[in-house]
Amino acid sequence: MKRSWTAIVLTCQNIDSAHAYQDELTLRQRKGLIPADTLLLTVEDPKAHVGSGGATLNALLIVAEHLSARSHFTVVNSDVLSDADVLIMHMGRDFPYNPCGKAFTTLPATLTADTAVGYDGLFCNLDSLLDTMTRKISPGSPPGVWVCSTDMLLTVPNILEVDWTDFDGVCAITVAADVTYARNHGVYKVNTEGTVEDIVYKPSNVGMQELVTAEGTVHLVAGVVFLSSSAAERLLTVHVTPPLDACTYLGLDSGAEPIKLSLFFDILLCMATLVTEEAFVSGDRSGQYGGTPRPRNEREVMTMRNARALLWKTLRGINVKAVCIPNGRHDYMTENASVHLQHLVKCPLQTDPICNLTWAPITHSAIQDGCTVEDGSVAVNSVLEGGVCVSSGSAVSHCDLKVSCWLVLFLCSSVENVNMFLWFPFRSMVSTLYCGPICIPEGCYLHALGEEVSQILRAAELVPHTVLQCFHVKLFGTNTATVYTVFGTKDGLQATAGEDNTFCNESWDVFFQRTGILHGDLWGPHMPADECCLMNAKLFPVFHPTEPVGIAEVLWLLHNSKGVSLLERWRGSWRVSLQEVLSCVDHSAEFKWRRDLFYSVGQHHVRKVLLSGKGGCLLPFFKSAAVEGYHRQVLGTLDQVALEACPQVVTSTATPGVTARTLACIADVLGSLVGGQWGLRSGPAANKKWQPAYQLLEAGEYAAGVQALALEREFWLDSSRPDLLIRAARHYEGAEQILRRQIVMTAKQFIHTQQSPVPSMGQWGVAECPARIDLSGGWSDTPPITYEHGGSVTNVALLIDGKKPIGAKARRIQEPELVLVIDSNLDNSSVRLTCTELSDMETYCQPHAPGALLKACVMCADLVTLPSPTSLREQLQTRHGGGFELHTWSDIPHGSGLGTSSILAGAILAVLYKVTGREADNLSLMHGVLYVEQLLTSGGGWQDQVGGLDPAVKIGRCRPQIPVKVEVEHISVSDEVLQALNSRLVLVYTGKTRLARNLLQDVVRNWYARLPEVVANCDDLVTNAEDCAKAFREGDLGALGACMDRYWEQKKKMAPGCEPVAVRKMMTALKPHVYGQVLAGAGGGGFMCVLTRDPGGLQIVRNILQTAGVGEDVSIHTAEVDTTGITVTTLE
């Protein structure tokens, strides 16, 4: 069960970051990660450092305002909280290892594919916590407010089970932690009934003993708290009362000075049962989390006493219940660089057994040949090209490092006269060719470094355990700059600068001596010595009045060499401290950098997947690009891939297959832009504006065709009309179909005919064919699946009600014309067409035109040529001495699912060959039908003609290769088994016309997208076909029925929606009495094949359906295995 949030509120320190964070939340909502009806709010604190308590109260006020407005109140009404589910997440302090904060620290993980969401993106700590709160911690809780910090990695192995019966109060979520870890955190004192008696921050050794449980652990403050709606309403009441109104924006707007409150050590502490009023109000137990407070003036002391007194009066008596996460884990994201590295390289969240994440050391990264990421290291959202080596224990995050060989001429030995990036460590060289790799030694952390610093990093020699980062900052309002920072993983950022502490992993004294930098250069004369630390040292240059500065001056801090000094340039630069850098971060620019890099990596991946011809689902990436506004870049990459993959001439080794899939991908991008809101993806694709591009593709001018498509697409894309985007997507799928048809047409080379006597004028050539029932493997025969994945189908030729239901006959006639007659034995109707001009034949490629199938067969059999300067009459007279009359018939309803049209095409070809003095074996006819269906533009696979032209039971196979070639294995079945089958096989016409018009295109679209469930299902289809063939060989009807049942489930996965309600009712009624049952063909209606357990299947099925009162409109037919297949005879 998932919690559906009424509102999600993210608190942060300033308005600039609030806008960027709001955009991030909105993107997640647009991707479906957050429900569309959830109110999203990003709230800046009234003033920096109001504490988690002040931020919670301010956020609670603002969400109450919004919910009140939604309910049409004109003032804040706390009643809106009574049925609301609110999640407040606190961003907290700046984080020195990620400019976007701890919440948006990217983890080396991806969300497991979820077709309900279907989007790609970076996975951050915020996503982990949001997923944990939504799926594991909050389900089952009553309405109220959940508050969650984002400064920790929280592992919750299983859904938290809490007895929420009649709950009213506060629930504090805890983790069982060892004493050593708890010394630096808050700890709950919990009695045997689970009530919180006290909260202690950084307990002393003596105090810790009172907090240890019988298991030897303590109840750690895990950063997650629940307030029931009544408790939240009581807390909200204080927002109008001084001095607590100063915690909200209302107080700030009224001129009040902000005060700092802790959620745990001010708000929750007053509810702890063993805390006394005097200890709480005096600040002995709160203040600086119970420690010794800094000296403050009397006014501040009195203000805080009054604030705590009001909290005590308002909240005392609310029960705080502690709930411990079984086997949970809390990992605080500290300022210790080594700990941060461990969180990336060995992320503790990986131990979560039910976490829906896929962890990988290389995540969302493009690692090109020549680059290595050693075991025990991590690369996240990065591009590494040209020779980058990441050593064990290091992490590279959001970096774009590209190495190329370049020639540099040094004309003097003075570094001051050399271009900036050549300063280190090369000197006194006349010419040097730099082609070495970038070596990132062990224990390093590189963040957000761009391509422009790659050459400098190659020339420099990084030392182990280095932190090297780039920040995008805002200076003086709107001015932006990039600032590079460096320090060591062993440095204490807040540690007082002195001989016992370090910078770049060496003592400050050694650093000063090595560089010549003075203490006053970093802190100035007025900074107290005990406050001087790495965090506030002005180390990092931003700009110089006369010379450019950048990463070179920062690397100079890392390792200076004798004779090489940038001291004067460094000293003359305007510099900032790490603390100042973090306070000036341009969060929007940082998120944009990440996204730009993410889509750059994604485009590398798109190229690799498509050009390799291998699998890989790209649809989530395309959908994300559409949501985040990167669709034009992705479309440009797809255009390039389509052009690169275009063959000059189609051969067995050079086909437009990759180009075809790429065009389908472009259609997916266009379809993603409208989010499924503007009509069906499948539809007509014959708009005249696209015809020039289509004509180029039909003529084999693929590159020109791809370019013409892209040019036309721009007109439809610029309009921004969703309906035009959908129509453009349909036309790209139309272009893909052209290429797919050309690939399948390679099957024509397997059509072989032999000369035979030409029948006399007027003598009929007659072909009669059984129907076919597919018992396993269907859809795997469908192009492009069949030639990209490979297919196997087991099916059976059937007599229906004792006869072959499909047939065709042809004869030569004196008049040089084509007479086409389509008979229907079902309603005794007949359609007669006479073709006397070539123009009469032009509709052979329009599947719904009258006589289109017959005309396509005439074209395949080479009776006439189109286009041609020679008229139809002249061609017929010259080649054949007259014309032809062709009749077709079928006793099977339209949309039966029994393969009628394909089998009929085989019959037509057979009689056309017969009356023109040719003969073709069944395998040639099967490939001929493939070719006919491409001429017809209806697509389709090969299993229908295999089932209806060859006799009895067989398995057809097609290897994943081009040209498309079908092979058939006849399965030997004993007479006893055939008799058993004939007495148990029943065909039920469901009375539902098969509504499969767009099923084929949906299946093809999903295959091209390589949806994981579709790829896996194709594997299963082929396996099941082989199992079905085995069941036939062994005469095992039970196993055969099991294959039929599996096949039906596989069909439903392949084409969701293909099971009408009426069919489901019939199958449910029949299930206890049958070995197996399956709808024929694509499903959706038509015939259902049933294999009963007992002989006499016809009567058994009729009785069951009548008794169950289902299937009033059905008709039931006998089905016998046909043992002769297609028969071709001549008649006078």
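This report describes selected parts of a predicted model, from one of its sheets to its nonpolar cores.

## Basis of the description

Residues are numbered from 1 along each chain as its sequence is written, and side-chain values use heavy atoms, with hydrogens and water left out. Because the model is predicted, local features need pLDDT of at least 70 and side-chain atom pairs count only at pLDDT 80 or more, while totals for chains, interfaces and linings use all residues.

Helices (H or I, at least four residues) and strands (E, at least two) are DSSP runs, numbered from the N terminus.

## A six-stranded sheet

Six strands form an open sheet in the order β14-β17-β20-β25-β26-β27, and the pairing is mixed. Two strands pair if DSSP finds at least two bridges between them. The edges are β14 (362-363) and β27 (479-488), each of which pairs on one side only. In general, strands of a sheet pair through backbone hydrogen bonds, either parallel or antiparallel. Strand β26 (residues 466-475) and β27 run antiparallel and are joined by 10 bridges. Within β27, Tyr484 is the bridge partner of Cys470.

Helix α15 (residues 551-558) packs on this sheet and touches β26 and β27. Contact means heavy atoms within 4.5 Å. The direction of α15 makes about 15° with that of β27. Helix α11 (residues 337-345) lies across β17 (378-380), β20 (395-397), β25 (445-447) and β26, and runs at about 80° to β25. For these angles, axes are lines fitted to C-alpha atoms, for helices over the stretch in contact, and angles run from 0 to 180 degrees between N-to-C directions.

Most residues other than glycine have a negative phi, and most peptide bonds are trans. Two peptide bonds described here are cis. One joins Pro783 and Pro784, with omega about 5°; Pro784 is in the loop between β34 (771-776) and α25 (785-788). Another joins Ile962 and Pro963, with omega about 5°; Pro963 is in the loop between β41 (953-958) and β42 (966-970).

Asp166 is not a glycine, yet its phi is positive, near 55°. Asp166 belongs to the loop between β6 (152-155) and β7 (170-177). His398, also not a glycine, has a positive phi of about 55°, and His398 is located in the loop between β20 and β21 (400-402). Asp166 counts as exposed, at 76% relative accessibility, whereas His398 is buried, with a relative accessible area of 1%. Buried means under 20% relative accessible area, exposed over 50%, and partly exposed in between (1.4 Å probe, protein chains only).

## Covered elements

All six residues of β34 are buried. Five bridges join β34 to the antiparallel strand β35 (residues 791-800), and Arg772 has Ala797 in β35 as its bridge partner.

Helix α3 (residues 125-137) is also mostly covered, with 12 of its 13 residues buried. Among them are Asn125, Asp127, Asp131 and Lys136.

Asp823 is part of strand β37 (residues 818-824) and counts as partly exposed, at 23% relative accessibility. Beyond residues up to four places away in sequence, Asp823 touches Ser829, Ser830, His887, Thr888, Trp889 and Ser890. His887 is 64 residues from Asp823 along the chain, but their C-alpha atoms are separated by 7.0 Å. The side chains of Asp823 and Ser830 make a polar contact (2.8 Å). A polar contact is a pair of N or O atoms within 3.5 Å; within protein, one must be able to donate a hydrogen and the other to accept it, and residues adjacent in sequence count only if both atoms are side-chain atoms.

Gln875 lies in helix α27 (residues 872-880) and is buried, at 4% relative accessibility. Leaving out residues up to four places away in sequence, the contacts of Gln875 include Leu838, Val864 and His880.

## Nonpolar cores

The largest nonpolar core has 176 residues, and Phe1032 and Leu1040 have the most contacts inside it. A nonpolar core is a set of buried Ala, Val, Leu, Ile, Met, Phe, Trp, Tyr and Cys residues joined through side-chain atoms within 4.5 Å. Apart from neighbours within four places in sequence, Phe1032 is in contact with residues including Leu775, Val796, Val953 and Leu1040. Another core, of 82 residues, lies apart from the largest one and includes Val486, Trp523, Ala537 and Trp570.
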